[in-house]
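Here's a quick walk through one protein chain.

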Amino acid sequence: MDNIVNWFVNSRCNLTCEYCFREMELEERGTEDMLALADILAQNNVQRVTIGGGEPLLRKDLEEILARLKQSGIFVSLHTNGTILLPRLDRLKGLVDILSLPLDSVYERQNRRMRGIPYVEMIDQIIEATQGKFKLAFKTTATKINARSLHKIYDKISRTDFDYWKVYQFRALNDAKKYENTFELPDEEFEQVKTKLSRYHDPRIHPLSKKEGHQAYVFLDNQGNISTVHPLKEENIQVGNLHTSRLENLEKCIDTLYSSVRELANPSAAYLTFT
């Protein structure tokens, strides 16, 4: 593995996107607990941390947490919905290596349906405010609502020096399962999306199907629990805890889970091999 950890620092969010698969009941810990976890990540030689939520910027101590990561030389990618980003930009300087922003459509009718608010003007303001100060990336959830207009997003973001654009086929995880009929995009239609995007011949575009989304991700919550995406099912599975196990052992668990899941009656049993 590449020693990359996806850390969900909260589950609170100021938006109610129906297709979101965030963990709704994530316990939120205080600053000292969060700094201790940041130190544990450094002690485990983590090279890159992706910060997500919820909306991470709802944490007033986020900059303090990011500073602790940066003190250890960790590469930090901050995933934010952008709605409360602009007032915090100055405080985030030097603490974030990549700002990752969502953009699901250039048409506000589709944005309102998917995110509940208009988005294009806000993204334009962020692009202007971050120019030359932050490296930007974009992510999009492909659904039956926006699939036919996704190429228009590239027309907009290609005017920036973006780092990557990831286009995820909608996955009915957690609360998003309630809205599967609203957003579900059939595999064959997502393949058509991939074909259209491939015509740009831009290596920064990364479309990810549901199948391709079943990767050996390492997810961290605020109690130190490590989980990953189940190799076969649309759900996450916990494999251990950083307070009691070394990350390398938990990564071995995840590798075993992915390499032998078809032979395991209970995939969680893989963890027992390394504890």
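## The sheet

Two strands count as paired if DSSP finds at least two bridges between them. Keep in mind that this is a predicted model. On that basis, E6 (residues 165-169) and E7 are partners, running parallel with 4 bridges. Within this stretch, valine 167 sits across from proline 207 of E7.

Zoom out and you get an open sheet of 10 strands with mixed pairing, in the order E7-E6-E5-E4-E3-E2-E1-E8-E9-E10. E7 (205-208) and E10 (236-241) are the edge strands; each has a single partner strand, so one side of each lacks a neighbour in the sheet.

## Strand E4, well wrapped

What about E4 (residues 98-102)? 5 of its 5 residues are buried, so the strand is largely enclosed by the rest of the structure. In a regular strand, side chains alternate between the two faces of the sheet. Here both faces are covered: Ile98, Ser100 and Pro102 are buried on one side, and Leu99 and Leu101 are buried on the other.

E4 has parallel neighbours too. Strand E3 (residues 75-79) is joined to E4 by 3 bridges, with histidine 79 partnering serine 100. E4 also pairs with E5 (residues 136-142) in the parallel sense, over 4 bridges, and there leucine 99 faces leucine 136.

## Two helices side by side

How do H1 and H2 pack, and at what angle? Helix H1 (residues 31-43) and helix H2 (residues 62-71) meet at about 20°, with axes 9 Å apart. Angles under 35 degrees count as roughly parallel, and therefore H1 and H2 are roughly parallel to each other. The crossing of H1 past H2 is right-handed.

From H1, the contact uses Thr31, Met34, Leu35, Ala38, Asp39 and Leu41, while H2 brings in Glu64, Ile65, Arg68 and Leu69. Sorted by class, that's 6 nonpolar, 1 polar and 3 charged residues.

## Phenylalanine 170

As for asparagine 222, phenylalanine 170 is 52 residues from it in sequence and 26 Å away in space, C-alpha to C-alpha.

Notes
Residues numbered from 1 in each chain as written. Predicted model: local features only at pLDDT ≥ 70, side-chain atom pairs only at ≥ 80, totals over all residues. Heavy atoms only, no water. Axes fitted to C-alpha atoms, helices over the stretch in contact; angles between N-to-C directions. Parallel < 35°, antiparallel > 145°, perpendicular 65-115°, else oblique. Left-handed = near helix turned anticlockwise from the far one by under 90°. Contact = heavy atoms within 4.5 Å. Nonpolar A, V, L, I, M, F, W, Y, C, P; charged D, E, K, R; others polar. Buried < 20%, exposed > 50% of the residue type's maximum accessible area, 1.4 Å probe, protein only.
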